Amino acid sequence: MTYGIRLLVFLKEGVLDTQGKTVAASLKGMGYSCLKDLRVGKYIHLDVEASSEAEAVAQVEKMCDDLLVNDIIEEFKVETEAARA
Amino acid sequence: MKTAVVVFPGSNCDQDAVKAAGAVSGGSAVTVWHKDSALPAGTDLVILPGGFSYGDYLRSGAMAANSAIMNAVIEFANKGGLVLGICNGFQILTESRLLPGALLQNDCQHFVCKPVTLRVERADLPFTLDYKKDEIVTIPIAHGEGRYYVDPEGLKVLEGEGRVAFRYCDACGNITAESNPNGALNNIAGIVNERGNVLGLMPHPERYSEDLLGGSDGAKFWTSVKKWLEGGRR
């Protein structure tokens, strides 16, 4: 089965997100006083061949560890889509 | 002094490094392709040069840190071989975990390209023997992602062990917020590993190795390594 995986990567809390800060300042300048926080991250989409969803997620988590995420500065979230044959 | 300069796709300071560590210092320097699996026999110094390896995609230095040659570089470093990472090379050293921490986008949010003043914090390293402690040197920077970051615990270890090699300072050597070009923690411009054989820094000593190019404060990197090698490995 092929599993679509949505990987969301963000800078950790406490690590200054310069891009997020700049975008938030712009929105506030445009009058969006309701904005409390904004962070800019990365969205990576992966199609993974695996026998189960758990195996697909485990493979992606290993990729995160090996290359996709730097755990010194980043955190990530994995979301799965319905499996395709 | 035999220097190997690693060339990654997107490196653009490799030839400057070859010139500085080779002809300028009277040694020999060759380039090594990132797909090679071994360093040239008899290599004394490995330079990971500046540039934009792999287009800075994903994170600066992330892909380069996982290239074939890096296995050989890590093995070389673990045996005590001298490794110098300049700018993107510093980013590659942190991504490969040869050095702690990470380099984040400058807090000013733009690319900064200018000569800066640095205070030499360690003049006892293979790379810095010819400098004096607290000497103020001028060396250019050129980066968009040079804000050194490490968690508070890691920073305590770095400072406690005296592993900050260079700090951004003003013309008088004072460590000030104004002289910090990128928001680096504690004005850190360069750090060294525990053993002292792996050094990473954002400034470009290879660009200031000849007066003809605007300054020669970086030349002592090459004369230091030469002296260290001639004096026998520690």
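Me: How many bridges join strand 1 of chain A to strand 3 of chain A?
Reply: Bear in mind that this is a predicted model. Strand 1 covers residues 2-11 of chain A, and it runs antiparallel to strand 3 of chain A. One pair to look at is A:Ile5, whose bridge partner in strand 3 is A:Thr80. The number of bridges joining strand 1 to strand 3 is seven.

Me: Which are the edge strands of the open sheet in chain A?
Reply: Three strands make up that sheet, with antiparallel pairing and the order 2-1-3. An edge strand here pairs on one side only. That gives strand 2 (42-49) and strand 3 (74-80) of chain A.

Me: And what angle does helix 2 of chain A make with strand 3 of chain A?
Reply: Within the sheet, neighbouring strands are turned by 25° against each other on average, direction ignored. Helix 2 (residues 53-68) packs on this sheet and touches strand 1, strand 2 and strand 3 of chain A. Its direction relative to that of strand 3 comes out at about 155°.

Me: Moving to where the chains touch, how many charged residues are on the side of chain A that touches chain B?
Reply: Eight residues of chain A are in contact with eleven of chain B. By class, the chain A side has five nonpolar and three polar residues.

Me: Which residues of helix 1 of chain B are buried?
Reply: This helix, residues 14-21, is mostly covered, with six of its eight residues buried. The cover includes strand 1 (2-7), strand 2 (28-33), strand 3 (45-48), strand 4 (82-86) and helix 5 (220-230) of chain B. The buried ones are B:Asp14, B:Asp16, B:Ala17, B:Val18, B:Ala20 and B:Ala21.

Me: Is B:Asp56 buried, exposed or partly exposed?
Reply: B:Asp56 sits in the loop between strand 3 and helix 2 (68-78) of chain B. Its phi is positive, about 60°, although it isn't a glycine; most residues other than glycine have a negative phi. Being buried takes 20 or more other C-beta atoms within 10 Å, and exposed means 12 or fewer. B:Asp56 has 18, so it counts as partly exposed.

Me: What about B:Asn187, buried or exposed?
Reply: B:Asn187 is another residue other than glycine with a positive phi, near 60°. You'll find it in the loop between strand 9 (164-168) and strand 10 (188-192) of chain B. Because 22 other C-beta atoms lie within 10 Å, B:Asn187 is buried.

Note on methods: Residues are numbered from 1 along each chain as its sequence is written. Chains are lettered from A and ligands numbered from 1 in the order in which they are written. This is a predicted model: local features need pLDDT of at least 70, side-chain atom pairs count only at pLDDT 80 or more; totals for chains, interfaces and linings use all residues. Helices (H or I, at least four residues) and strands (E, at least two) are DSSP runs, numbered from the N terminus. Two residues are in contact if their C-beta atoms, placed from the backbone, lie within 7 Å. Two strands pair if DSSP finds at least two bridges between them. Axes are lines fitted to C-alpha atoms, for helices over the stretch in contact, and angles run from 0 to 180 degrees between N-to-C directions. Ala, Val, Leu, Ile, Met, Phe, Trp, Tyr, Cys and Pro count as nonpolar, Asp, Glu, Lys and Arg as charged, and the others, Gly among them, as polar.
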